[in-house]
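Subject: Structure for your review

Dear colleague,

Please find the structure below, handed over for your records. My findings follow it.

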Amino acid sequence: MSDETSTGTGTPAGPQPEPLRFFGTTWVEHDGGYTGRRIGVAVGSLAAAVAACFVLRFAYQGLAVADVGTPVTVMVVVMFAVCSALAFRHTSESFSKRPDPDRQASLRGLLAIGFVGSLLAYCFGSLTEAPGEKLHREEYEAARERYTRRTTRRAGNPAKKRRRA
């Protein structure tokens, strides 16, 4: 970040980093408890996934008590497994590229059913870095580079430049 300030408010001139959920802008310099937050997010999302599996187990037991039959029970288990796998993949991919808003809206139900997969993707994603940090860092550095190129002044008038003989 540059030492320039835009209006004397202490904020640097140019593009500002986009805050990440649970991390704010600590991902830029890995400060402000970044490592602790990563550990907390990993443990929290894993604990939420385990709790969700217990809830699904109770739902499975409810199906067994209701004696709905083997085909229905298998269909429900397969549905949650497939939706969780798809949600895991979709969530993991959203950390490396921006998801299409229309596709995101159409997958909302599938992602809700496969919430365990999304929680696990968030857990595994936070083991190496803040989930989505790589994407945001690439976008932020590109924006800073564009800003620097746009604001850098050239030295002199190129029309008056002497030609070398």
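A nonpolar core is a set of buried Ala, Val, Leu, Ile, Met, Phe, Trp, Tyr and Cys residues joined through side-chain atoms within 4.5 Å. Please note that this is a predicted model. The largest nonpolar core in it has ten residues: Leu-20, Phe-23, Trp-27, Val-28, Tyr-34, Val-41, Phe-95, Tyr-122, Ala-130 and Tyr-140. One of these core members, Ala-130, touches Leu-20, Phe-23, Tyr-34 and Arg-38 when residues up to four places away in sequence are not counted.

Two further residues may be of interest to you.

Gly-117 lies in helix H5, which covers residues 115–128. Its relative accessible area is 3%, so Gly-117 is buried, the cut-off being under 20%. Apart from neighbours within four places in sequence, Gly-117 is in contact with Ser-84, Ala-87 and Phe-88. Although Gly-117 and Ala-49 are 68 residues apart along the chain, a distance of 8.1 Å separates their C-alpha atoms.

Cys-83 belongs to helix H2, residues 70–94. Because its relative accessibility is 9%, Cys-83 also counts as buried. With residues up to four places away in sequence not counted, Cys-83 touches Leu-110, Ile-113 and Gly-114.

Yours sincerely

Conventions
Residues numbered from 1 in each chain as written. Predicted model: local features only at pLDDT ≥ 70, side-chain atom pairs only at ≥ 80, totals over all residues. Heavy atoms only, no water. Buried < 20%, exposed > 50% of the residue type's maximum accessible area, 1.4 Å probe, protein only. Contact = heavy atoms within 4.5 Å. Helix = DSSP H or I, 4+ residues; strand = E, 2+ residues; numbered from the N terminus.
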